[in-house]
Amino acid sequence: MVTISSTWYLFLPIILSLCPITLCASVLEDLKNLHQPPDFNSTIFSNCLKNPSLRYCSSSPMLDLDEIFKFTIVASHLCNESKNPNCVESFPKVDLRNRPNIAPLYLSFDFFWKYCPLSIMSIDLSNNSMKGDFPTDVLYCTQIQSLDLSINAFSGDIPIQSFSPLTNLTFLNLSYNCFSESKLSDSQFFKRFNSSSFLHSGALLDQKRFTVKAIFLLVGFPILVILMVICFLWLCFQRPDFLPSKLQRSRRFTPAILKAATNDFSNKYLVGKSDVVHIYKGILRDGTEVKIEMYWDDIPRDSYRKFVEECKVLSKLHHKNLVRFLGWCRSRKFRAIITEWTREENVEMWLSGSGPPWNHRLKVLMGVVACMRYLQEEWPEVDYELNTSSILLSDNVEPLISRFKVGDQNSNRRKIHGFGVFLLEMILSRKVQEEFDGGDAGFIRFMRTLNLADLKQMIDERMKVTETIFHQVKQALSLGLMCIDQSNSDKPSLAMIFNTIARAYKASHALPSANHRFKRHMPVQTK
């Protein structure tokens, strides 16, 4: 059997016969331009007969002659590039250290490493700044005794199991790479070499890095958790509107929320002002427009508890003809009530401006009495104010009672009286209301002495009352007088008022024409 050196000698004449001058061209040019000599096939088979241990001889199911020919070309060039003294006789080492221009190229020729010459004992690819995973192709050279891949940028895991066939390997250097950290120190593979083979390779547990991580876990992580808890608590107590809706405290606003909603209580958002109360229009984080009534007074703790209990009751009210109560707030300097923002046109402005017809006025009366009935049945402890200046109007002419509070449960007579006044204000002309100053009793006596012709003169002429609806207006006037009659101990009940207004509302066909638009009036802002 021929020796390893003589085996290598069998290849060189093939290449030299194709190129008289060694390294006459680059390896890529030779791979492109050189072709197999006529006797190449017989030469390869002859080699395999002489030395069956050659790697290409064991390829199955048949020899790939094209690939073997490429292998011989690369081997010839690589042997010379590695500065072996006599490539005709032997190819003992691959030495491409400090050759970053060609080392990656030769490493990419997987067919070469597949048929790695048995004569190679040492592979040195160090200091080439090569990147990528561990170059496992070099491990096809199972006979090597030395492997140096240091000072590169290889990454990923080291294929420890793939080193098992390299029984002759006595020197290994993987230092100064970027391999993944692993438990090499506990493996048999590590014991086969020593820590100097893996300096700054990333594969060994770095004690300094481990210490830093341990300090972070033991000290930094708890601090991080504490900071997160502090931030969460700050959100809970200062800006709960940033929390998920399920974690927010319902109806409870904080000064920080109101400050953000009004751009730090900017005058731009101030819509009304007195010595004690400032009224702002605010915009919450979710885009909801709100009215904020801020009371700059200092009340004792017991009074504040009562204030909170009242707010909790008001927050439960829900009716389409009530301004929606959203919540409350208290700080050291003020307390605040937050309600939904509505159009600032009230019934008084509406009546004086557009002169709405009777059916529109009935719609407003119907909404007010429906809300009164809801409050009497569900929340009798809630008191409210009924006058044309405190009842607002929505865009679709729905009345909204805007002033209400927890008050005396035995105030039904006063509520009925208030509705009577409101009803008369909705019917009578402004001139009658302004000129008559005889009080309720005198006014009632005066109204009852009028004949039909005089009564018509008292009604707001802009309603254009026809004979068809005059009967309804007359009934409503009678109802209003009954409500304000203090001498009458048997005032009409709320149920009777509701039924009377409902019948008139139904008879008037309720809703106005779709083409009707009432004139809007914006109040003069006082600051």
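**Cores, helices and strands**

Modeller: Contact here means heavy atoms within 4.5 Å. This is a predicted model, where local features need pLDDT of at least 70 and side-chain atom pairs count only at pLDDT 80 or more, while totals for chains, interfaces and linings use all residues. Residues are numbered from 1 along each chain as its sequence is written, and side-chain values use heavy atoms, with hydrogens and water left out.

Biologist: How many residues does the largest nonpolar core have, and which have the most contacts inside it?

Modeller: That core has 63 residues, and Val347, Val364, Leu375, Phe419 and Ile427 have the most contacts inside it. Helix H13 (residues 358-378) gives the largest share, 11 residues. By nonpolar core I mean a set of buried Ala, Val, Leu, Ile, Met, Phe, Trp, Tyr and Cys residues joined through side-chain atoms within 4.5 Å. Buried is under 20% relative accessible area, exposed is over 50%, and partly exposed is in between, using a 1.4 Å probe and protein chains only.

Biologist: What lies apart from it?

Modeller: Another core, of 54 residues, including Val94, Leu107, Leu166 and Phe198.

Biologist: Back to H13. At what angle do the axes of H12 and H13 cross?

Modeller: Roughly 175°, and the axes of H12 (residues 347-354) and H13 come within 12 Å. H12 and H13 are therefore roughly antiparallel to each other. The cut-offs are under 35 degrees for roughly parallel, over 145 for roughly antiparallel, 65 to 115 for roughly perpendicular, and oblique for the rest. Axes are lines fitted to C-alpha atoms, for helices over the stretch in contact, with angles from 0 to 180 degrees between N-to-C directions.

Biologist: Which residues make the contact?

Modeller: Val347, Trp350 and Leu351 on the H12 side, and His360, Arg361 and Val364 on the H13 side. They divide into four nonpolar, one polar and one charged.

Biologist: And how do you call helices and strands?

Modeller: They're DSSP runs numbered from the N terminus: H or I of at least four residues for helices, E of at least two for strands. Two strands pair if DSSP finds at least two bridges between them.

Biologist: Switching to sheets, then. What order do the strands of the open three-stranded one have?

Modeller: S3-S5-S7, with parallel pairing. S3 (131-133) and S7 (178-179) are the edge strands, each pairing on one side only. S5 (residues 153-156) and S7 pair over two bridges, with Phe179 in S7 as the bridge partner of Gly156.

Biologist: Where are the hairpins?

Modeller: S8 and S9 form a hairpin with three residues between them. S8 (residues 270-273) and S9 (residues 277-283) are antiparallel, over three bridges, and Lys273 stands opposite His278 in S9. Another hairpin is that of S9 and S10, with five residues between the strands, where Gly287 takes a positive phi near 95°. S9 and S10 (residues 289-295) pair in the antiparallel sense over seven bridges.

Technical notes. Ala, Val, Leu, Ile, Met, Phe, Trp, Tyr, Cys and Pro count as nonpolar, Asp, Glu, Lys and Arg as charged, and the others, Gly among them, as polar.
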